[in-house]
Amino acid sequence: MLSLHSAVKRNPRGRIGLAIAGGGPIGGMYELGALRALDEALDGLDLTRMDCYVGVSSGAFLAAGLANRIGTAEMCRTFITGTSDDIVFQPETFLRPNFGEAMRRATALPRLYFEWLQSLATQPHKALSWSNLMRRFGGLVPTAMFDNRGMERFLRDIFTRRGRSNDFRTLDADLFVVAVDLDSGEAVRFGEKGWDGVPISQAVQASAALPGLYPPVEINGRHFLDGALRRTMHASVVLERDIDLLLGINPLVPFDATRAPAQGEGDSLGLADGGLPAVLSQTLRTLLQSRMQIGMEKYPRQYPNIDQLVFEPNSDDSELFFTNLFSFASRHRVCQLAYRNTLADLRRRADVLRPMLEAHGIGLRDDILDDPHRSILDGLDAQPRMTETTARLRRALDDVDRIVAGRHRAGRVR
């Protein structure tokens, strides 16, 4: 599903921003599929050369990777086919039980138990009340199921090799990663002045710290959680950067069971039949979508001269809804679904999109859009194996090519 706003008055400077929302591991894989479709179908668009990026939660992984010039093909080789010679992805890195915190908190049990016995002797009714028990022993429960320190090490390794950077201040483009301060509820934009000294890997770890799944991340004496707790996509961060075109991706929308195709004769897709998991999933999606819609309805009025494109799943897609948000096993299927959905959106709205995108130097590739058998695996041939030296050389040559091409374009304009 594609939502778009055409600029009232365009300023064709070619400044493009990308906003990527959160959505757990599966949401991140949906976003990767959508990004791969855009990368292939939009001629003249280089997702690793945008002017501004903002990422939230799982979207922060992708935004930070693109800002470090890791292309969608390499990301697909990393997360889908496993054929990357650069990045080795192991799902267990992200799903290690949070034993360390559990053991640290358990050391307080003898002291708390002794104090409770003392209160039981003096005030038995108060000591046995549920509120008192929760207040006294609630701190023994770990803040999350999984340990996210491995996530930060994984990213730090990637961003400190092959000419990439783990420092916001040395990137070629503006990158912002949003997280929420646990104690104040304030949204913090890592990458902004005052917060740009935080390593990118740690900022992404904080932005992806979904409550209950991963523990809060301590940075500069403050504890941070998932950036989606305040807003879904934080597109305003990009829109405020004086861009001309916004591309946004949101992987979570409420499921419309009334429009979903029946799975068989007499089958019903009533969500109540799915029990608590289905109810909670629908609640989460509805809350996130409603907040995003409020913002997206205001943005055309606040930024009337910016073209805005936001890609989302179809609301009647039962396959995506009933896939566990935190499962890595379904990543290939979800990427392919997003890839096909995004190509279909571009094809359906081609008449409107073509002149809009041409104003920004971008064309639609009809050979990609019109191929009914196109797969996300097409075009993912393994790249020649590179050493650290050859990777840095290739990056430098790419910079030279871009400078030369820019000078040629400037000469034609004059």
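User: What counts as a disulfide here, and how many does the structure hold?
Analyst: A disulfide is a pair of cysteine sulfur atoms within 2.5 Å. This is a predicted model, and the structure holds zero disulfides.

User: Is Cys 76 buried or exposed? And what about Cys 335?
Analyst: Cys 76 counts as buried because its relative accessibility is 0%. Cys 335 also has 0% relative accessibility and therefore counts as buried.

User: Changing topic: which residues touch the most other members of the largest nonpolar core?
Analyst: Those residues are Tyr 53, Leu 175, Phe 190 and Leu 309, in a core of 85 residues. Helix α1, residues 24-41, gives the most to this core, with nine residues. Apart from it lies another core of 19 residues, including Val 54, Val 178, Val 237 and Val 310.

User: What is Tyr 53 in contact with, beyond its sequence neighbours?
Analyst: Leaving aside neighbours within four places in sequence, the contacts of Tyr 53 include Leu 18, Leu 66, Leu 175, Phe 176 and Val 238.

User: Why is strand β4 described as largely enclosed?
Analyst: Five of the five residues of β4, residues 52-56, are buried, so the rest of the structure largely encloses this strand. In a regular strand, side chains alternate between the two faces of the sheet. In β4 both faces are covered: Cys 52, Val 54 and Val 56 are buried on one side, and Tyr 53 and Gly 55 are buried on the other.

User: Which strands are joined to β4?
Analyst: Strand β2, residues 16-20, is joined to β4 by four bridges, and the two run parallel. Within β4, Cys 52 is the bridge partner of Gly 17. Strand β5, residues 174-181, is joined to β4 by five bridges and also runs parallel to β4. Val 178 in β5 is the bridge partner of Val 56.

User: How many aromatic pairs are there?
Analyst: The structure holds nine. Phe 89 and Phe 94 form a tilted pair, because their ring centres are 5.7 Å apart and their planes are at 50°. Both Phe 89 and Phe 94 are buried. Phe 190 and Trp 195 form an edge-to-face pair, with 5.4 Å centre to centre and 90° between the planes. Phe 190 and Trp 195 are both buried.

User: Which residues do ring pairs link into a cluster?
Analyst: The cluster consists of Phe 61, Phe 79, Phe 89, Phe 94 and Phe 154.

Key:
Residues numbered from 1 in each chain as written. Predicted model: local features only at pLDDT ≥ 70, side-chain atom pairs only at ≥ 80, totals over all residues. Heavy atoms only, no water. Core = buried A, V, L, I, M, F, W, Y, C linked by side-chain atoms within 4.5 Å. Buried < 20%, exposed > 50% of the residue type's maximum accessible area, 1.4 Å probe, protein only. Contact = heavy atoms within 4.5 Å. Phe/Tyr/Trp six-rings, centres within 6.5 Å; stacked < 30°, edge-to-face > 60°. Pairing = 2+ DSSP bridges.
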